[in-house]
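Please keep both in view while reading.

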Amino acid sequence: MLLTELSVMDSNNFCGNCGAGEREGRVVSDLVARRHYRLAHGIGRSGDITAIQPKAAGSSILSVLTNAMALDVIRLAGIKTTKQCFVVPMATGMSLVLCFLTLRQLRPKARYIIWPRIDQKSCFKAILTAGFEPVIIENCLEGDELRTDVDTIQSKIKELGAENILCLYTTTSCFAPRTPDRLEEVGKICKNEDIPHIVNNAYGLQMSKCCHLVQQAANVGRVDAFVQSTDKNFMVPVGGSIIAGFDSKFVEKISQTYPGRASASPSVDLFITLLTLGSKGYQNLLKQRKDVFLYLKEKLSALGTQYGERLLNTPHNPISMVISLETFDEMDNSKAVTELGSMLFTRCVSGARVVPRGQSKDIGGHIFQGFQSHTNSYHCAYLTAAAAVGMTKEDVDLFIKRLDKVMAKVRKSQKRRGDINGSAMEETALNEGGTAEEHAPVKIENDSEEE
């Protein structure tokens, strides 16, 4: 009823409307019209995504309400002094591009973006798409964890000159063994050197620790804007993000950089979801995520021990965890490791990542050695999984069950490949009194839940 009330306030739904322009909210398919609740005008105006559109009063009200609720939920999550935010109909990577292009207007001579390495393509491509030169800071290995190299950041600033640096570009949410960047220390550097600081908070809003890092960096140093995904934090379809900051004027300037009107779909999705959950509902989801994280950690650690592996020690990562795959990697140059990953995927296990050693990736002419491990050479192959908002203990149990079956099959296959090779197969069979067929490599087949 509320969505219908807002919809009939848009001019395309007026009974006697006479549209004489090129963009009048006409929708030929009734199915499409119903899918969007007949909110066809989008949000914003040609020069400002947050501006009120006179012929789309209902859509404008919805946009303003959604931005207000988004601000409230950011503060509720722990970033309490956030001044302003707005929903953008673009995923996190392109929203970061928008932030960089806004900074270009303020620092026209700057050409470098200093970026502590994280092996996720869209994060890095945001720098290239915005037209800047990335300065990649390799991470420091501290025990099993990969952490921000603050000293190298400082030396790079001295080498390049603060005036030539557009911003420091840090990350909160990430797959272990990488941990959230040292935001407080980076924030202090940015304040002292008068360099902007943009934070990729993609799925960090669901974690109190990441929110605390952003808030503390703003308290003791400088944070100009932080960006989070709507789908990762609020379980809505992909396609939206929230740009937020502690300076209303800068956030407003970002909104004015967006050219043209924008799709209202991400705002509508978030509007419906936040009203469905309510503040208590969202807080309950955040508490549930913490409980599931501990449960997943316990189960994954036990499974790893069963196969002679260990849960790596990454206490600074509050969402993701890692088990080593050293015994799977030792015989056959990562074949068993990659096989394990592909078998998980064919058994409908999504999101978990198997990372072999020695991979490389070319992104825009930049070669990343050891790609996906966030460093040139990590000490072992591993599997990483995350306990994100919406995951349940039942999901964990099913994941562990399927992972257990896959690890058992790969281990069996790996053992036979290691023990029996080519013509040695027959000799082994004769010596042990068996047949060659009994010692043939096992055939991996899809398993069922009943298996």
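The structure is a predicted model, in which local features need pLDDT of at least 70 and side-chain atom pairs count only at pLDDT 80 or more, while totals for chains, interfaces and linings use all residues. Residues are numbered from 1 along each chain as its sequence is written, and side-chain values use heavy atoms, with hydrogens and water left out.

**Overall fold**

- The chain contains 15 helices and 14 strands; these are DSSP runs numbered from the N terminus, with helices (H or I) of at least four residues and strands (E) of at least two.
- Along the principal axes, the C-alpha atoms occupy a box of roughly 90 × 60 × 40 Å.
- Of the 451 residues, 52% count as buried, where buried means under 20% relative accessible area, exposed over 50% and partly exposed in between (1.4 Å probe, protein chains only).
- Considering contacts (heavy atoms within 4.5 Å) between residues at least 6 apart in sequence, 73% join residues at least 24 apart.

**Surface and charge**

- The chain exposes about 20600 Å², of which carbon and sulfur atoms supply 51%; accessible areas come from the Shrake-Rupley method with a 1.4 Å probe, and for residues only the protein chains shown count as cover.
- The 53 positive and 51 negative charges have mean positions 7 Å apart. Lys and Arg count as positive and Asp and Glu as negative, without His and the chain ends, and each charge is placed at NZ of Lys, CZ of Arg, CG of Asp or CD of Glu.
- A nonpolar surface patch is formed by Val8, Met9, Ile61 and Leu65, with about 300 Å² of accessible area together. Patches consist of residues with over 30% relative accessible area and no salt bridge, with like charges joined within 9 Å and nonpolar side chains (Val, Leu, Ile, Met, Phe, Trp, Tyr) within 5 Å.

- Ala70 belongs to helix H3 (residues 57-77) and is buried, its relative accessible area being 0%.
- Leaving aside neighbours within four places in sequence, Ala70 is in contact with Cys85, Ile242, Leu270 and Leu274.
- Leu2, in helix H1, is partly exposed with a relative accessible area of 45%.
- Not counting residues up to four places away in sequence, Leu2 touches Phe271 and Leu275.
- Leu2 and Leu62 are 60 residues apart in sequence, and their C-alpha atoms are 9.9 Å apart in space.

**Salt bridges**

- Side chains of opposite charge can pair when their charged atoms come close.
- The count comes to 15 salt bridges, each defined as a side-chain nitrogen of Lys or Arg within 4 Å of a carboxyl oxygen of Asp or Glu.
- Arg38 and Asp30 meet at 2.7 Å, N to O; Arg38 is partly exposed at 36% relative accessibility, as is Asp30 at 39%.
- A network of salt bridges links Asp30, Arg34 and Arg38.
- Asp224 and Arg222 form a salt bridge at 2.9 Å, N to O, in which Asp224 is buried at 12% relative accessibility and Arg222 is partly exposed at 22%.
- In the salt bridge of Asp291 with Lys287, the closest N and O atoms are 3.4 Å apart.
- Asp291 and Lys287 are separated by about one helical turn because they are four residues apart in helix H11 (residues 265-306).
- Asp291 is partly exposed at 35% relative accessibility, whereas Lys287 is exposed with a relative accessible area of 53%.
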